[in-house]
Amino acid sequence: MVGAAPGSDEAAGESELARVLRAAARGEFPPGDGGFTVIPPPNARDAGVLGMTAHAVIFTDQDPEWVRTTLRAASPDPLAAPLGPAFLTAFGARTGRRVNCVDLLTVAPALPGRPALDLTEISATDHPRVVRARQFRDRVRVWTTPEGGVLVMGAGVAGRHEVAIELDEAARGRGLGRELALAARQLVPAGELVWSQQPPGNARSVRTFQAAGYRPVGAEALLIVD
């Protein structure tokens with residue numbers, strides 16, 4: 001299995017961002033007050049903005065006063081500012097990073113049983129989806145299917161289990177994407193969560209993950225180092 005995540009909010013060493021994510025997965029969100037919260041990054045790699053209903057969580061080691069001032073200057077709309085281009089550009093310049101993209105963040109609980117798909121785990125591949133995953137995740141594992149599907153899992157932001165899928169063009173439109181997304185829920189330990197990010201404009205991907213039981217918790221912009 002992908003590296004086990006802490007089993008509870010009280011797990012030793014769990015970051016504040018991990019606690020925020022677990023709470024959001026339970027439907028417990030920050031107050032919808034139009035404000036923001038600045039928390040420490042969970043590690044040196046992860047920095048960004050998590051936008052939820054009328055509240056943003058900004059994980060960074062930057063001065064909270066700088067965040068406040070920059071948000072005010074970025075937009076007159078406090079709801080739009082944290083994930084708006086002006087703030088994200090300034091955030092990137094301040095930290096020497098760049099904004100990857102703004103994704104829909106979705107989550108689903110683990111499922112019992114074994115995947116029904118014929119999955120073969122592989123270790124050596126230069127598949128673009130896998131190369132990308134290894135830039136942003138630890139302990140990456142990869143499975144393929146004879147039908148032309150690729151399932152990638154690893155420990156991502158704040159150590160959470162993250163999944164991504166890719167289909168050959170000939171395999172599209174047959175429900176394989178949904179089956180892969182479901183399989184990911186069976187490849188993590190019982191009681192854990194599986195997270196996935198989808199570009200909001202990729203309606204096919206959004207619908208695939210929602211059909212597999214993943215529910216949106218917010219929008220996320222990660223800042224990365226090239």
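Which residues is A184 in contact with, leaving aside its neighbours within four places in sequence? They are L151, M153, V163, V194 and Y214, where contact means heavy atoms within 4.5 Å.

**Basis of the model**

This is a predicted model, in which local features need pLDDT of at least 70 and side-chain atom pairs count only at pLDDT 80 or more, while totals for chains, interfaces and linings use all residues. Residues are numbered from 1 along each chain as its sequence is written, and side-chain values use heavy atoms, with hydrogens and water left out.

pLDDT is the predictor's confidence in each residue, from 0 to 100. The chain averages 90, and 95% of the residues score at least 70. Over residues 1-12 pLDDT stays under 50, and the model has 28 contacts beyond four places in sequence for this stretch. Where pLDDT is low, the predicted coordinates should not be read in detail. Helices (H or I, at least four residues) and strands (E, at least two) are DSSP runs, numbered from the N terminus.

An open sheet of 10 strands has the order 1-3-2-10-4-9-8-7-6-5, and its pairing is mixed. Two strands pair if DSSP finds at least two bridges between them. Strand 1 and strand 5 (120-122) stand at the edges with a single partner strand each, so one side of each has no neighbour in the sheet. On average, neighbouring strands of this sheet are turned by 30° against each other, direction ignored.

| Strands | Sense | Bridges | Bridge partners |
|---|---|---|---|
| Strand 6 (residues 138-144) and strand 7 | antiparallel | five bridges | W143 and L151 |

V142 also has a bridge partner in strand 7, namely V152. The hairpin of strand 6 and strand 7 has four residues between the strands, and in it G148 takes a positive phi near 105°. Helix 4 lies across strand 4, strand 6, strand 7, strand 8 and strand 10, running at about 5° to strand 7. Axes are lines fitted to C-alpha atoms, for helices over the stretch in contact, and angles run from 0 to 180 degrees between N-to-C directions.

**The cores**

A nonpolar core is a set of buried Ala, Val, Leu, Ile, Met, Phe, Trp, Tyr and Cys residues joined through side-chain atoms within 4.5 Å. Buried means under 20% relative accessible area, exposed over 50%, and partly exposed in between (1.4 Å probe, protein chains only). The largest nonpolar core has 21 residues, of which L151, M153, V163, L180, A184, V194 and Y214 touch the most other members. Strand 7 (149-155), strand 8 (161-167) and helix 5 (176-186) each supply at least two residues of this core. Helix 5 gives the largest share, five residues. A second, separate core has 18 residues, including L17, I39, L50 and L193.

**Helices and single residues**

Helix 1 (residues 16-25) is largely enclosed by the rest of the structure, because seven of its 10 residues are buried. The buried residues are L17, A18, V20, L21, R22, A23 and A24. Their cover includes strand 1, strand 2, strand 3, strand 4 (98-109), strand 9 (193-198) and strand 10 (215-224). G27, which follows helix 1, has a positive phi near 85°.

Helix 2 (residues 64-74) and helix 3 (residues 85-95) pack at an angle of about 145°, with their axes 9 Å apart. At this packing, W66, V67, T70, L71 and A74 in helix 2 meet A86, F87, A90, F91 and R94 in helix 3.

A47 lies in the loop between strand 1 (35-39) and strand 2 (48-52). A47 counts as buried, with 8% relative accessibility. Not counting residues up to four places away in sequence, A47 touches F59, R97, A221, L222 and L223. A47 and L222 are 175 residues apart in sequence, and their C-alpha atoms are 6.0 Å apart in space.

T208 is found in helix 6 (residues 203-211). T208 is buried, at a relative accessible area of 17%. Leaving aside its neighbours within four places in sequence, T208 is in contact with I165, G177 and R178.
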